[in-house]
Amino acid sequence: MLQFKAIFMGQAQRKHSRATTTQKCIRTNDLENVGVTARHHSFFEMLGNFSFGDYFKPDAISMAWELSTKVFQLPPERIWVSVYEQDDEAYALWRDQVKVPESRIIRMGAADNFWAAGATGPCGGCSELYYDFFPERGTAGADLEDDSRFIEYYNLVFMENNRDTDGNLTPLARKNIDTGLGLERMAQILQQVPNNYETDLILPIVTRAAQLADLHYESASVADKTDLKVIGDHVRACVYLISDGVFPSNVGRGYILRRLIRRSLLKGHLLGIQGTFLSAVAQVAIDLSEGCDPAVKKNAPRILKELQLEEERFSSTLGTGQKLLTDILQQATAKQSSGTHGSKPSVSGRDAFVLYDTYGFPLEITQELASAQGVIVDLEGFTQEMQIQKQRSKDASKQVDMTASDSLREQLRQIRATQFQGYEDVQGAGAVVAVLHKGHMVSSAHEGDEVDIILDQTPFYAESGGQVGDQGFLRAVASAESSSASTGSSACEALVSDVQKMAGDFFAHRARVTAGQVTVGQQMSASVDEGLRRRARCNHTATHLLQAALKTVLGDHITQQGSLVTTQRLRFDFNLPRGMSGEEVHEVENLVNSWIQQDHSLATHVVPLQEAKDKGAVFMAGEQYGDEVRVIDIPGVSMELCGGTHVTRTGQIGAFKILSEGGIASGVRRVEAVAGPAAVDHMNTLDGIVRAIGQQLKAKNEELPARVTGLMKELQAAQKQISDLKSEVAQAQLPLLTSKAETLPSGARLLAAQVDGMDAKSLQEAASRIQASLGDPAAVFLIASPEAQKVSMVAAFSPAIVSQGLQAGKFVGSIAKICGGGGGGRPNLAQAGGKDASKMSEALQMAKQQLQERL
């Protein structure tokens, strides 16, 4: 794993000698294979175990075998292993220690069994474990690359060498282990399904896409199945990418996301799905993630919003663009091109570029659709058209493409880095040294433009160290010349909404020009919003006090894992293997407030890093610091390395209030709190809520708990009464419902009906009673909508029906999918729910049809 490269090399200090990981991975270099093969994905999860100079080959091999045969309980006779052809030690360990027959140990070359973390650096031979789906075929002539028989599921890399730029290998000072086990592959093996897409990790997503396409996955054509698999795979990838903070764009990770989204949309369009559909499919992926990655569920609103926006953007041109591409492909096949491609039909570079530039078709999608019809794309011509477009943009606006970070750094090297002057002042002035508009460097910006303005010096704080950037105004400073000639330049103003660091030392003021024109070389006055800065200062200093209080209450082992300081609140993440008790939270809050009331002074020092460490200053492990560091010292309370803005005395904070404490990852807790004016705002909001409730209930504040308890009891009693009444209504309907049962040719009695006014409990009671009254064999299916857009359904089968192989749990679960839900239960009685009441009639008809056919 690349994250551990420096540790393998001995260049970074190791915190632990062993580690296990689960890593979300994105792979897009062979998207054309997704959905086609059994195991290619754009998104997959890789599990791993690592040793940093601790255990090596003997233990790694034993652990892998134990995990495979004892934990996963794979039959030993179905496991094959490969070893690097020169690794006699690994071969002997598998043969003698694990007792794998030599007929199932295969030596393979460097192309298959030698792994490296890049062209240079740590590397070593590896041993891979394969599962054999057809051991009855024997060992003679077996080929581990036969995907129809074998699946490689576990790779053990013996990281023991370092490769230099000349390709020479030298032993590492410490021998390491780096392994990877594919979650999706192991799921396929354990669930014994023909491909990864039909495991419970992906199949529900594919099935939802099939429903939207009015298809049944099991009976779909090979081509349709492939498109459905692509949608299932890509949407799953998009959900995790957006959850992890990636947004659709035309560069970097954003372009990968956009490409996956648009590929999904094209596949859906080809399947005939009408209207927008990605959000509906994504919701299934989100629901599946809840047990393993709760952050996805938390980020669901943002995920669905981004998918919806991107789908709307692309859908507006999808139909036109696809029609144009269809026409181009028809023309290409009708008229054979005669250029360097001989007689093979070709899409010109110009046409491919028009599809890319005007209709938003990524080049790879044009290539894929063209390849399906035996047509190639003129890549050289496309590249030429792209260069012409870039030159045209450059000539028109005198801009330089700043997309690539290396290019940006090169340009900024010619410019003076920003000097921050905002620790003491919130007012200042500076010269404009650069203006960036939509990622391009320009000489000026006009009213309405949203730009990044870089000054040579500024009082604005740029986001770093967890503290958000300042907001405020930039205004042109009128010179004597401009004042006598015109007032236009002095009227220039830009509203700053954020400040970010760019290429390390340059402060980019994210601003909208509200008046006049901003030009390079212009002198600007800079005014930070003092109220917002005051809020940030209070929250930042309170964060230092919070960490000190946590260490005091919970112990010095508490270390910071992350933080966020905004004008509205603060957030602090720290290591703790358990949740804090209510008493601990209260104690921490009281301790912080006591330090605030004691009005401690803050001292700021800039000292050598080692001196700060020697004095006991708290610092973030793994963070990169310069030779000199800024230390914020609250004598007797806290001492931390910090580049942020702070109050001068703790008393200026006023108040501190913890809003929540909870877990965000294994062993990591998060405290969210407010301080200063934000704490006052929070208390005022709570006070307003309490007063409003008191007025509604006509009770004093101190009487509210008792009044609420009383109301809850009354509500529970009323709900019980309603439930009893519904049960009585259900009982009253039983004779009428029973009379509607039909007798099938087989003699079985069948009732499939929609009923009104029943909740889930009443529905189940009714189905059970009706089935009993109908005798044996009898099957009952009832469906109702107890609440708006909610669906409840029950299946009740008599013993004779169950003996025929029909199980109520599986049956009702499959029908519930029609209404966007699921469920299950016992073979004779089961219940399910759904989210789409508009599909009730369809679900009822399907249930009745299936029961008639089976009975």
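Author: Here is a short tour, from the whole chain down to single residues.

Author: This is a predicted model, where local features need pLDDT of at least 70, side-chain atom pairs count only at pLDDT 80 or more, and totals for chains, interfaces and linings use all residues. Residues are numbered from 1 along each chain as its sequence is written, and side-chain values use heavy atoms, with hydrogens and water left out.

Reader: Which residues have the most contacts inside the largest nonpolar core?

Author: Those are Val239, Leu307 and Phe361, in a core of 60 residues. A nonpolar core here is a set of buried Ala, Val, Leu, Ile, Met, Phe, Trp, Tyr and Cys residues joined through side-chain atoms within 4.5 Å. Helix α7 gives the largest share of this core, 10 residues.

Reader: What does Leu307 touch?

Author: Leaving out residues up to four places away in sequence, Leu307 touches Cys238, Ile242, Ile261, Leu278, Ser279 and Ala282. Contact means heavy atoms within 4.5 Å. There is also a second, separate core of 33 residues, which includes Phe574, Ile596, Ile634 and Ala675.

Reader: Back to α7. At what angle do α7 and α9 cross?

Author: The axes of α7 (residues 222–243) and α9 (residues 278–289) cross at roughly 70 degrees and come within 9 Å. That makes α7 roughly perpendicular to α9, a label for angles of 65 to 115 degrees. Axes are lines fitted to C-alpha atoms over the stretch in contact, with angles from 0 to 180 degrees between N-to-C directions.

Reader: Which residues of α7 meet α9?

Author: From α7 they are Ile231, Val235, Arg236, Val239 and Tyr240, and they meet Leu278, Val281, Ala282, Ala285, Ile286 and Ser289 in α9. The residues of this contact divide into 9 nonpolar, 1 polar and 1 charged. Ala, Val, Leu, Ile, Met, Phe, Trp, Tyr, Cys and Pro count as nonpolar, Asp, Glu, Lys and Arg as charged, and the others, Gly among them, as polar.

Reader: Switching topic: which residues does a cis peptide bond join?

Author: It joins Asp776 and Pro777, with omega about 10 degrees. Pro777 lies in the loop between α22 (760–774) and β32 (778–784). Most residues other than glycine have a negative phi, and most peptide bonds are trans.

Reader: So where does Gln73 lie, with its positive phi?

Author: Gln73, whose phi is about 55 degrees, lies in the loop between α2 (57–71) and β3 (79–84). Gln73 is exposed, with a relative accessible area of 63%. Gln192 has a positive phi too, near 50 degrees, and its place is in the loop between α5 (183–191) and α6 (203–212).

Reader: Last one: how far apart in space are Val802 and Lys657?

Author: They are 60 Å apart, C-alpha to C-alpha, and 145 residues apart in sequence. Val802 lies in helix α23 (residues 799–803) and is partly exposed, at 24% relative accessible area.

Key:
Helix = DSSP H or I, 4+ residues; strand = E, 2+ residues; numbered from the N terminus. Buried < 20%, exposed > 50% of the residue type's maximum accessible area, 1.4 Å probe, protein only. Parallel < 35°, antiparallel > 145°, perpendicular 65-115°, else oblique.
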